[in-house]
Amino acid sequence: MALALALQLLILCEPPSPLCLGPWLGWEQREKRDGDPDTLQASYPKPWLEAQPAAVVAPGVNVTLRCRAPQPAWRFALFRAGEAAPLLLRDVSTELAEFFLEEATPAQGGSYRCCYRRLDWGPGVWSQPSDVLELLVTDLLPRPSLVALPGPVVAPGANVSLRCTGRLPGMSFALYRVGVTLPLQYRHSAQRWADFPLPGARAPGTYSCYYHTPSAPYVLSPRSESLVISSEGLCLGQRDASGDGPLPKPTLSAWPSSVVPTKSNVTLRCSSPIPGVDFVLRKGSATLDTRLPRDAAETTVEFHLTELGPRSAGWYTCECFRRGSPYVTSQASNVLLLLVTGYLPRPSLQAHQAGVVTAGGEVTLQCQMPNTAVAPLVSALLKAGTPSPVQLHRPVGREADFSLRDVTVRDTGTYSCIYYQARPPFWASDPSPSLDILVTGEALRDLEDSIVLGEFLSLFCHFLVCHFS
Ligand SMILES: *[C@@H]1O[C@H](CO)[C@@H](O)[C@H](O)[C@H]1NC(C)=O
Ligand SMILES: *[C@@H]1O[C@H](CO)[C@@H](O)[C@H](O)[C@H]1NC(C)=O
Ligand SMILES: *[C@@H]1O[C@H](CO)[C@@H](O)[C@H](O)[C@H]1NC(C)=O
């Protein structure tokens with residue numbers, strides 16, 4: 001309809017001159033030709049062409065192409081690559097014209113440009129064309145590829161970066177590890193790819209990625225082929241154990257949790273992959289304590305921190321070392337952020353579809369911080385019995401949305417949230433009142449049902465950036 005209307009309008013109007021038609025009809029030659037009135041063109045600055053709601057949409061979405069002139073114009077024209085005839089735009093004002101694609105079809109995708117003209121420019125003179133707008137109407141973006149840089153086998157002590165490459169710039173990328181429901185990392189990229197750095201010691205595993213448009217209405221790609229990352233491994237590890245090289249890296253965990261109330265106690269456990277080492281616990285760069293395992297075969301030690309106060313919060317690491325000559329140490333363990341709650345007013349936690357959720361569905365929990373909270377803050381979703389936050393999120397405003405996608409019965413539990421200062425001294429709030437989520441094991445419902453199920457469950461929540469960088 002709109003197309004026909006535009007074509008009718010076109011017949012009534014003066015045809016655009018080659019100056020604007022140029023983008024696809026000999027534009028290159030014209031630019032190179034000597035004596036071309038470049039100075040003339042410079043006084044006709046190009047307009048901007050944009051697509052609302054997005055340049056990548058699913059079929060059936062109403063798309064408006066908007067051509068905006070930098071100065072009052074008399075007429076606008078829209079061109080599509082491969083089509084000689086311009087489509088005239090409907091003028092909304094003297095600076096803006098819109099072209100409406102009702103329930104866009106894949107065939108309407110393509111490269112668009114627009115230009116404008118003024119009455120006082122003389123016959124047939126048009127502005128420079130806008131930059132190209134690539135409109136893509138599709139249900140599914142092309143599948144991305146996932147590769148490891150420098151390679152899928154990680155040398156000891158080295159890091160690896162996984163590169164997810166799609167076909168379009170400006171997308172949001174998610175990296176998944178097989179066996180983990182939530183994305184491991186989330187990244188927006190201006191490029192066609194996103195790099196996900198992984199610390200080498202933790203990298204072995206199987207990964208896949210996908211990407212999607214950065215804002216609603218979302219269009220997703222399928223998951224990439226999976227990629228197996230392995231470590232160069234045991235031979236070198238064993239040589240390390242013999243005492244020559246650096247010791248393998250230990251891991252640090254907190255019990256009952258890395259988020260604990262003020263005046264409580266916490267146990268930090270440091271585990272080495274090999275026996276026969278001593279352990280040191282550090283907070284930042286300061287050494288807090290050293291420990292020997294109780295017997296030579298033991299690979300784990302516990303550090304007990306009691307009566308936690310505001311100064312107990314912070315970044316903890318542990319290391320292994322072996323006394324004697326040579327004195328060898330390991331790399332530092334993972335960094336554990338210990339948070340002591342009770343120093344900021346409590347937030348509230350809401351889930352509009354609280355209660356029962358079907359397996360495979362989605363729940364969005366919103367943590368609302370009080371107005372007194374001062375950025376930069378991080379909000380953490382906690383689950384009773386889980387020793388570290390389930391998700392971390394840097395809220396932009398007063399709300400942090402945590403999305404549990406593809407839930408399984410294992411996601412059943414009691415949730416609460418806190419927020420804390422993103423920098424030392426890491427003061428943390430009291431936990432919010434808790435909220436129970438029950439995931440039932442029923443078969444997957446279809447999308448319509450799940451939309452009815454949670455009015456609040458907006459598709460937006462699928463794609464929240466829920467990682468902590
Ligand atoms: C698209 O626009 C038409 C006409 O304005 C409207 O009837 C239709 O509901 C819209 N479709 C969608 C998916 O928004
Ligand atoms: C690996 O990454 C960690 C953390 O980003 C960094 O401190 C370390 O220097 C990196 N190691 C190498 C060999 O690049
Ligand atoms: C913390 O540990 C101290 C010393 O072991 C003990 O007296 C106290 O009761 C413990 N506090 C809690 C809350 O468990």
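A: One begins with a rule for pairing: two strands pair if DSSP finds at least two bridges between them. Strands of a sheet pair through backbone hydrogen bonds, either parallel or antiparallel. Please keep in mind that this is a predicted model.

Q: Which order do the strands have in the open sheet of four strands?

A: The order is S1-S3-S7-S6, and the pairing is antiparallel. Strand S1 (48-52) and strand S6 (90-91) are the edge strands, since each of them pairs on one side only. Inside the sheet, strand S3 (residues 63-68) is joined to strand S7 (residues 96-101) by six bridges in the antiparallel sense. To see one such bridge, find valine 63, whose partner in S7 is leucine 101.

Q: How many helices and strands are there in the protein as a whole?

A: The protein has six helices and 35 strands. Of its 469 residues, 46% are buried. Among contacts with a separation of 6 or more, 66% are between residues 24 or more positions apart. The protein exposes about 23100 Å², of which carbon and sulfur atoms supply 56%.

Q: Which strands does S20 pair with, and in what sense?

A: Strand S20 (residues 266-271) runs antiparallel to strand S18 (residues 251-255), and five bridges join them. One of the bridge pairs is leucine 252 with cysteine 270 in S20. S20 also pairs with strand S23 (residues 300-305), again in the antiparallel sense, over six bridges. Here leucine 268 has phenylalanine 303 in S23 as its bridge partner.

Q: Is asparagine 334 buried or exposed?

A: The cut-off for a buried residue is under 20% relative accessible area. Asparagine 334 has a relative accessible area of 15%, and therefore counts as buried. Asparagine 334 lies in the loop between strand S25 (328-329) and strand S26 (336-344). Beyond its neighbours within four places in sequence, asparagine 334 is in contact with Arg202, Lys249, Pro250, Thr251, Leu252, Tyr316 and Thr317. With leucine 252 one can look at particular atoms: a polar side-chain atom of asparagine 334 lies 2.8 Å from the backbone nitrogen of leucine 252.

Q: Where does cysteine 115 lie, and what is its relative accessible area?

A: Cysteine 115 lies in strand S8 (residues 110-117). Its relative accessible area is 0%, so cysteine 115 is buried. Distance in sequence and distance in space should be read separately. Cysteine 115 and phenylalanine 76 are 39 residues apart in sequence, while their C-alpha atoms are 5.8 Å apart.

Q: Which residues does a cis peptide bond join, and what is omega there?

A: One cis peptide bond joins leucine 149 and proline 150, with omega about 0°. Proline 150 is placed in the loop between strand S10 (145-149) and strand S11 (153-154). Another cis peptide bond joins tryptophan 255 and proline 256, with omega about 5°. Proline 256 is in the loop between S18 and strand S19 (259-261).

Q: What is phi at glutamate 307 and at aspartate 406?

A: Glutamate 307 is not a glycine, yet its phi is positive, about 50°. Glutamate 307 belongs to the loop between S23 and strand S24 (314-322). With 56% relative accessibility, glutamate 307 counts as exposed. Aspartate 406 is likewise not a glycine and has a positive phi of about 50°. The loop between strand S32 (399-404) and strand S33 (413-421) holds aspartate 406. At 45% relative accessibility, aspartate 406 is partly exposed.

Q: Which residues surround ligand 1?

A: The surroundings of a ligand are read from its neighbouring residues and then from its polar atoms. Gly60, Asn62, Phe100, Glu102 and Glu103 surround ligand 1. These shell residues divide into one nonpolar, two polar and two charged. An N or O atom in the side chain of asparagine 62 is 2.3 Å from an oxygen atom of ligand 1. A nitrogen atom of ligand 1 lies 3.3 Å from a polar side-chain atom of glutamate 103. On its own, ligand 1 has 360 Å² of accessible area, and the protein covers 38% of this.

Technical notes. Residues numbered from 1 in each chain as written. Chains lettered and ligands numbered in written order. Predicted model: local features only at pLDDT ≥ 70, side-chain atom pairs only at ≥ 80, totals over all residues. Heavy atoms only, no water. Near = heavy atom within 4 Å. Polar contact = N/O pair within 3.5 Å; in protein donor to acceptor, adjacent residues only side chain to side chain. Areas by Shrake-Rupley, 256 points an atom, 1.4 Å probe, with all protein chains shown as cover. Nonpolar A, V, L, I, M, F, W, Y, C, P; charged D, E, K, R; others polar. Helix = DSSP H or I, 4+ residues; strand = E, 2+ residues; numbered from the N terminus. Buried < 20%, exposed > 50% of the residue type's maximum accessible area, 1.4 Å probe, protein only. Contact = heavy atoms within 4.5 Å.
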